[in-house]
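Q: Hey, I'm new to this one. Could you walk me through it side chain by side chain?

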Amino acid sequence: MKLNYYLLWVEDDDSWFETTSELFKETILDYGFNPIIERKVSLDEVVVVEEIVASGLKKYDILLIDFNLKDSKSGDSIIDLLRDKDIYTDIIFYSSDKSLILESVSKHQFEGVYHSDRKEVEDKFIKVFKTTIKKVEEINSMRGLIVGETSELDALIEEHLSVYIQSPYIDSFDFNKYIDEQFFLKLESKLTFLRGCYEKEGLIGLVSHLEAIRKWELLRGILKKNKNVKDFITEFLSINASYQDEVIDVRNKFAHAKVEISEDGREVLKAQFNGNDFEFDENEFKKIREKLLTHRNALLKLRE
């Protein structure tokens, strides 16, 4: 799930940028995303051809451009450049005279561009922003569909196994040999491998092979014994206490989820995990993103 939301903003008015960007940050945060706003004061700072050719500005979710920047390339010039370089990122052009944008876009037959009067740009941004995050949520739904389908296939295999294991068919299969070779011997082999990692490299050699929950337990165990090393550790342990429920278990729930249509026609992800039923919709996705951001920010702060 993508949590960072990148906005490239070309604006030369310092005061207006600072005031308006705070409003945009609040909007992005309200929807459970981490706002990263990069500002350029002129189009000349953006149109570094090598950079555009290499990246296509794909890093950004929205380009927000003042169409009438002082001492910079004209709006017509940037439209030509973006069209020629096949830039498909959503773009909002704004100007005190919106008719200039409409004329230029029409003249150059440039598609996929939003336009706004400067006074209405906040409202326009919110509308386009919601459109772009919808794409992210559709990707999540597709992921849920794929994961859900594979979970259903796993369930079907398990269903067949429960039948065949208790039928005469099992008599023609050397079940004991299979369990020894594919289960116990492999577990012993893995245990031997892990012991070797530990003897050779110590605990650091084991970390990459641990399950997520074991890494979490290990980190918390070490920090609990070293609360006085950093001022933030006690606060981190408090924030991080819900990590299993809000991160590890959420991931496991997603692994068992499938897309269903609710009674009111909404597309939702449903999962059964540890004997309980769970449902994920857009509101739940928002809560999950917010919690993931909280845990990530705490981990990043712990690094300082």
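Q: Where does Phe175 sit?
A: Phe175 is in helix H6 (residues 175-201). Helices here are DSSP runs of H or I with at least four residues, strands are runs of E with at least two, and both are numbered from the N terminus. This is a predicted model, where local features need pLDDT of at least 70, side-chain atom pairs count only at pLDDT 80 or more, and totals for chains, interfaces and linings use all residues. Residues are numbered from 1 along each chain as its sequence is written, and side-chain values use heavy atoms, with hydrogens and water left out.

Q: Is Phe175 buried, partly exposed or exposed?
A: Phe175 is partly exposed, because its relative accessibility is 36%. Buried means under 20% relative accessible area, exposed means over 50%, and partly exposed is in between (1.4 Å probe, protein chains only).

Q: Which residues make the nonpolar surface patch?
A: Leu161, Ile165, Phe173, Phe175 and Tyr178 make it, and the patch is about 480 Å². Patch residues have over 30% relative accessible area and no salt bridge; nonpolar side chains (Val, Leu, Ile, Met, Phe, Trp, Tyr) are joined within 5 Å, like charges within 9 Å. Areas come from the Shrake-Rupley method with a 1.4 Å probe, and for residues only the protein chains shown count as cover.

Q: Switching to rings. How many aromatic pairs are there?
A: The structure holds 13. Rings of Phe, Tyr and Trp (its six-membered ring) pair if their centres lie within 6.5 Å; planes under 30 degrees apart count as stacked, over 60 as edge-to-face and the rest as tilted.

Q: Why is the pair of Trp9 and Phe24 stacked?
A: Their ring planes are at 20°, so they count as stacked, with centres 5.1 Å apart. The pair links distant parts of the chain, with Trp9 in strand S1 (residues 4-10) and Phe24 in helix H1 (residues 14-30), 15 residues apart. Trp9 and Phe24 are both buried.

Q: What about Trp216 and Tyr243?
A: That pair is stacked too, since the planes are at 20°, and the centres are 6.5 Å apart. Trp216 is in helix H8 (residues 212-224) and Tyr243 in helix H10 (residues 243-255), 27 residues apart. Trp216 counts as buried, at 14% relative accessibility.

Q: Which rings are linked into a cluster?
A: Ring pairs join Tyr5, Trp9, Trp16, Phe17, Phe24, Tyr31, Phe33, Tyr94, Phe125 and Phe129.

Q: And what sits over the ring of Phe17?
A: The charged end of Arg39 does, 4.7 Å from the ring's centre. For that, NZ of Lys or CZ of Arg must be within 6 Å of the ring centre and within 35 degrees of the ring normal.

Q: Which residue forms a salt bridge with Arg39?
A: Asp14 does, with the closest N and O atoms 2.6 Å apart. Asp14 lies in helix H1 and Arg39 in strand S2 (residues 34-40), so the bridge ties together parts 25 residues apart in sequence. A salt bridge is a side-chain nitrogen of Lys or Arg within 4 Å of a carboxyl oxygen of Asp or Glu. The structure holds 5 of them.

Q: What does Glu290 pair with?
A: Glu290 forms a salt bridge with Lys286, the closest N and O atoms being 2.7 Å apart. Both are in helix H11, 4 residues apart, about one helical turn.

Q: Last one: is His295 buried or exposed?
A: His295 is buried, with 3% relative accessible area, and is found in helix H11 (residues 282-303). Not counting residues up to four places away in sequence, His295 touches Ile239, Asn240, Ser242, Tyr243, Glu246 and Val247, where contact means heavy atoms within 4.5 Å.
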